[in-house]
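Thanks for coming, everyone. I would like to go through the helix packing and then the nonpolar cores of this model.

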Amino acid sequence: MKKALSILLAAATAVSVCGGLAACGGDDSTTITVWAPVKSIAGYKQVAADWKKAHSEYKDWTIKFSAHEESVVQTDLGNDMSNKGDIFFFPSDHLYKLVQKKAVAQLPQSYAEEVAGRDHEDVVEYAKNGEGKNPYAYPATYDNGYMLYYDKDLVGEKDIESLDTLQAAAKSKKLPFIWEYSNGYYSCSMFLAAGITFDYNADHTKYNTNVNSDEGKAVLKACYDYLNPDTNGNGTSPTLIVSDQADTKLPDGFGNKQIIAGVGGSWVWPQIKASVELGGRVAEDVIGVTVLPKFTYQLNGKDVTKNMYSLIGGKFCGVNAQKPKDKQKAAHSLASYLTGYEGQKVRFQTTNAGPSNKELAAEDEIKNNMVLQAFQAQKEFGYTQNDQPDAFWSANLLSKISTGDIGISDISKSISDWADLLIKSV
């Protein structure tokens, strides 16, 4: 924590990088605008200052940072990127659409070779957009996914093994287990575990999903058994599996001892840690993190038990392909620096982001980080996160089960209708 704070203070006083988020001098032809998540900006400013020192040819250039969360960059760029950020960070599953919009510049050969040598091969492969050519972006993290956080004071190791035991513990403690199943990012977990696929083919001309199958229907029936108000009283009792925003509910809930466990990503750990430590406890002594629990569905008259899956991906840094060549040349140099060893280390220290950088990932500080250990373990039960149509994110079948809008007799039709929407999304 002290190390991270020193980085933030150094970044705040760095005079060679534009300090604010608004425009700050410099000819536009020698100004690089970086769109980055707000919590990462302070650390990235210091790295950008170091880049200028290491590259004398850019010593008179101005670096300007603007807060844009990765999840909205694709929307913020719009269709005309010529006057938008020169460099921007985004999630790996947004790459296909950004390539189609000609928003991201393919890496020059020297940078492609550099990235291939320093970053995890999985993330480098994601960055190639399925083309087998040079990547279209610089890997910035390898930590997109979600795991199970739990309060060690309230539940034991046996309680966290399955949704069934977690639900029993929740009822016993009269406290909820948070799983944001109203969000497609999390609600696909059981379907993925049962072998359901959600993908376009290579050229995006067809959407391939087997969700309208015996397995898909069996999983939705299991969701009914876990979530439906008729069977579990969900909505009238706080003792069950509850959908709520993980990024806000988990820190507050753990800090106030109002939840027993929850599903969340690595990025929520700093907020959980801070919330717990406000109460004078060491967060690592109170909170555990592990792979997602098992669940059971019935197929052909037999019980099938699987670990819940997580979507798995990373964060990328792209260079705006619609900017002048000289600007792109400088932007590639800076983007590579921001996502190199030092850039990824700063991001880990300030936001607990898991690195894609192989050298950094091998260091004890990373290997011993319990949250990133859990992410690595969850990858065994992971599904590569790819581009998805709006119908994937907006289906909310599990929410409709929890409210009673989908009953037991509606399961087959509901999943068939969803499959039709997905297939027609092409």
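The model is predicted, with local features needing pLDDT of at least 70 and side-chain atom pairs pLDDT 80 or more, whereas totals for chains, interfaces and linings use all residues. Residues are numbered from 1 along each chain as its sequence is written, and side-chain values use heavy atoms, leaving out hydrogens and water.

Let me begin with helix α10 (residues 214-227), which packs against helix α22 (residues 411-423) at an angle of about 120°, their axes being 10 Å apart; angles here run from 0 to 180 degrees between N-to-C directions, with axes fitted to C-alpha atoms over the stretch in contact. α10 and α22 are therefore oblique to each other. Their contact (heavy atoms within 4.5 Å) involves Gly216, Lys217, Leu220, Lys221 and Tyr224 of α10, together with Ile411, Ser412 and Ile415 of α22.

The second pair is helix α12 (residues 246-255) and helix α13 (residues 269-277), whose axes lie 8 Å apart at an angle of about 20°, which makes α12 roughly parallel to α13.

Turning to the cores, a nonpolar core is a set of buried Ala, Val, Leu, Ile, Met, Phe, Trp, Tyr and Cys residues joined through side-chain atoms within 4.5 Å, where buried means under 20% relative accessible area with a 1.4 Å probe, protein chains only. The largest has 95 residues, and those with the most contacts inside it are Tyr149, Phe177, Trp179, Phe198 and Ile260. Helix α10 contributes the largest share of this core, eight residues. A second, separate core of 30 residues includes Ala36, Trp61, Cys317 and Ala330.

Technical notes: Helix = DSSP H or I, 4+ residues; strand = E, 2+ residues; numbered from the N terminus. Parallel < 35°, antiparallel > 145°, perpendicular 65-115°, else oblique. Buried < 20%, exposed > 50% of the residue type's maximum accessible area, 1.4 Å probe, protein only.
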